[in-house]
Amino acid sequence: MNFIPFLQTAATAGSGSLLMTVLPFGLIILIFYFFIIRPQNKKQKETEKMIAALKKGDRVITIGGIHGVVSSTREQTVIVKVDENVKIEFNRSAIAQVVVDKTEKVKDDKAKDKPSEQAESSVAEESEKKD
């Protein structure tokens, strides 16, 4: 009596079982790549772009949760103004995110809407010319 029947069938099946053994591992590797590795690489690239684009006047949040405004930038560090007379120097890698003010976001949205409104009005003008 054999208590491990799948070993007996694997040994007698030959090369077909090799494919059936390797295929699940290949699928697992693909799943890990598309759901874990690839998104992590994308996020890392976005963070590097954000850190490289830091400039004076940007509102930032550090990885420690400190909110402030960039006072000046250097090659490896950023000086963040936290209060009236308080400035703290951080490594660039300590900046978690750049905060976008609601007023800036509204201005950006309006700027995006203007070209589409102009395009719509030009389409309307062209249709009037044809009539």
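This is a predicted model: local features need pLDDT of at least 70, side-chain atom pairs count only at pLDDT 80 or more; totals for chains, interfaces and linings use all residues.

Residues are numbered from 1 along each chain as its sequence is written, and side-chain values use heavy atoms, with hydrogens and water left out.

The protein has 3 helices and 5 strands, taken as DSSP runs numbered from the N terminus (helices H or I, at least four residues; strands E, at least two). From the N terminus the order is α-α-β-β-β-β-β-α.

Now strand 1, residues 59–62. It runs antiparallel to strand 2, residues 67–73, with 3 bridges joining them; strands count as paired if DSSP finds at least two bridges between them. Ile61 stands opposite His67 of strand 2. The hairpin has 4 residues between these strands, and Gly65 there takes a positive phi near 90°. Strand 1 is also joined to strand 5, residues 95–99, by 4 bridges, again antiparallel. Val60 has Val98 as its bridge partner in strand 5.

On to burial: 15% of the 131 residues are buried, meaning under 20% relative accessible area, with exposed over 50% and partly exposed in between (1.4 Å probe, protein chains only).

Last, the rings. Phe, Tyr and Trp rings (for Trp, the six-membered ring) pair if their centres lie within 6.5 Å; planes under 30 degrees apart are stacked, over 60 edge-to-face, the rest tilted. That rule gives 1 aromatic pair. Tyr33 and Phe34 form it, edge-to-face, at 5.1 Å centre to centre and 80° between the planes. Tyr33 is partly exposed at 39% relative accessible area, and Phe34 is partly exposed at 45%.
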